[in-house]
Structures are given as C-alpha cells and as structure tokens.
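Here's a quick briefing to read alongside the model. Have the viewer open and follow along.

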Amino acid sequence: MSREFPVRADEDTYVTRREFTKFLGLTSLAFFLGTALAAGRRLWKKIAANQTEAARVAAVNEIPVGGYALFRYPTGDDPCILLRLAEARFVAYSQECAHLSCPVMFNAATRQLECPCHKGLFSAEDGRVIAGPPKRGLDALRVSIRRDEVWVKHESES
Amino acid sequence: MSPKVRLNQRMRVILNMVTALVVMILLTQLWLFSVAVDAAPKIAAAALLCSLAGLAAVFALIRFFLKAELSA
C-alpha cells in the first residue's frame, strides 16, 4: 500500500457505470418528488382555502383606526392579521411571511408589515413586497363589512 | 492501444458528457425545488412541470448512454 494512494485494491468498492447512471436517475427522481411535494402542498392549501366559508373576525368598533387584530383562518394553523387603515378601510392578510413563514407584525407608524426573522417588509395597503428576501407578497383575504362586523374570506381566482 | 481499451475510453468520455449534462439538470431541479417551496401556487405548478421535464431528460440521457454502451 503506497502513501499516495492508501486504499488496497481488494478493499476498494467498485462502482459500475450502470450503478452510477442509476444513482443519477434516482437523484433526479428524488428532486422531482420533493418539488411535487412542495408544489402539491401549496396547491392543496389553495384549493382547501377556496372551499372555506367566510368567517367573522371582530366587530368594527373593536379595532381602532391604525389598529389590528390577529385571528386564524381558515384553520387553527393559519395565522392572519386584520388591519384598519382608515375609518372605512380594512385589509387582511395571512400572517405568514412569504419567505420562511415567520409571523409578520404591523407597524402603524410606517404602515408596513414587518417580518422580524429576515427583515422582510410588506406594504399594508396591498401586501406587496417592499424590501427583504420574500419573492412574493402576502396572501390577501377579501374583507367585507356586514352589520358592523368584519368578515373575511379567501380571495378566489375568478 | 487495444480495441477494448479504446472502446472503454470512448465510453468513459460519453459517460463524462452525459454526467455533465445530468449534473446541470440536477442543479436546475434543485433550484426549481427551492422555487416551489415558497412560490405562489401557479409558479409552483410551473416549477413542477419543469422538474418533470428535467427528470424525463435525465432518463433519456441515461437511456442514450446505456444504448450506446450496449451497441458498443
């Protein structure tokens, strides 16, 4: 056994070309399945959200102008935030940052939603990205006022 | 150089070319995975389709290599 190549020939594991190409194919399959899982999770969430009914969040007078309310919609695992930007203007978004799902918080002074994890900034007006690593805006909910109560529902594509 | 050694070297060159192409596709698939994780549903679906195309290309390249090896 030489010092430059300290592996004995009989102890070396031999990989055939076929085994190597099989490994490449299986790696590609694994990447595809991972992508399918991630995309499937997002599509499933979207489909499930579109099928949920509107939910009451709070009474209009419970939230002052410039204030906010936290709630969960459509399930207990989906944190959302309702903002009152003006007397008659309410907006609601998913509280999960579009980057890595940290909860965003409302800054009334700057009228922005801030992610404390990686300093992502979103506009409170429409949820679009202003700064930071997120590639897309916050998921918006449709807000309606019924008998002095604020209701939310998922935005449908149509 | 014997014909067997020459053939072996040729197959090694082909395998290197196939490997280079497959590695490029694998890196693209890895990037598509990162896109699908935090993209909007429509973009995630597009990433999934592209990843499927990549998988098909990898299998086509492997098939091409194995066919070349068999015919050699």
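Let's start in chain A, where β2(A) and strand β3 (residues 79–86) pair in the antiparallel sense over five bridges. Strands pair here if DSSP finds at least two bridges between them. Tyr68(A) has Leu83(A) in β3(A) as its bridge partner.

Before going further: this is a predicted model, where local features need pLDDT of at least 70, side-chain atom pairs count only at pLDDT 80 or more, and totals for chains, interfaces and linings use all residues. Residues are numbered from 1 along each chain as its sequence is written, while chains are lettered from A and ligands numbered from 1 in the order in which they are written.

**The two chains**
- Chain A has one helix and ten strands, and its elements run α-β-β-β-β-β-β-β-β-β-β from the N terminus on.
- Chain B comes to two helices and zero strands.
- Helices (H or I, at least four residues) and strands (E, at least two) are DSSP runs, numbered from the N terminus.
- Of the 158 residues in chain A, 26% are buried; for the 72 residues of chain B the figure is 25%.
- Buried is a neighbour count: 20 or more other C-beta atoms within 10 Å of the residue's own, with C-beta atoms placed from the backbone.
- Take the contacts in chain A between residues at least 6 apart in sequence: 35% of them join residues at least 24 apart. Two residues are in contact if their C-beta atoms, placed from the backbone, lie within 7 Å.

**The sheet in chain A**
- Six strands of chain A make an open sheet in the order β1-β10-β9-β4-β3-β2, with antiparallel pairing.
- At the edges sit β1 (55–59) and β2 (68–72) of chain A, each pairing on one side only.
- From one strand to the next, the twist averages 30°.
- Strand β4 (residues 89–94) of chain A and strand β9 (residues 140–146) of chain A pair in the antiparallel sense over two bridges, and Tyr93(A) stands opposite Ala140(A) in β9(A).
- β9(A) also runs antiparallel to strand β10 (residues 149–154) of chain A, joined by six bridges; here Leu141(A) stands opposite His154(A) in β10(A).
- β9(A) and β10(A) form a hairpin with two residues between them, and Arg147(A) in the turn has a positive phi of about 50°.

**Helix packing**
- Within chain B, the axes of helix α1 (residues 3–38) and helix α2 (residues 41–71) come within 9 Å and cross at roughly 170°.
- Axes are lines fitted to C-alpha atoms, for helices over the stretch in contact, and angles run from 0 to 180 degrees between N-to-C directions.
- α1(B) and α2(B) are therefore roughly antiparallel to each other, a label for angles over 145 degrees.
- The contact of α1(B) with α2(B) has 20 nonpolar, four polar and one charged residues.
- The classes work like this: Ala, Val, Leu, Ile, Met, Phe, Trp, Tyr, Cys and Pro are nonpolar, Asp, Glu, Lys and Arg are charged, and the others, Gly among them, are polar.
- Helix α1 (residues 17–50) of chain A packs with α2(B) at an angle of about 165°, with their axes 9 Å apart, so α1(A) and α2(B) are roughly antiparallel too.
- The contact of α1(A) with α2(B) divides into 20 nonpolar, six polar and four charged residues.

**Where the chains meet**
- The contact takes 21 residues from chain A and 28 residues from chain B.
- On the side of chain A that touches chain B, nine residues are nonpolar, seven polar and five charged.

Definitions and conventions: Angles under 35 degrees count as roughly parallel, over 145 as roughly antiparallel, 65 to 115 as roughly perpendicular and the rest as oblique. A residue is buried if 20 or more other C-beta atoms lie within 10 Å of its own, exposed if 12 or fewer, and partly exposed in between; C-beta atoms are placed from the backbone.
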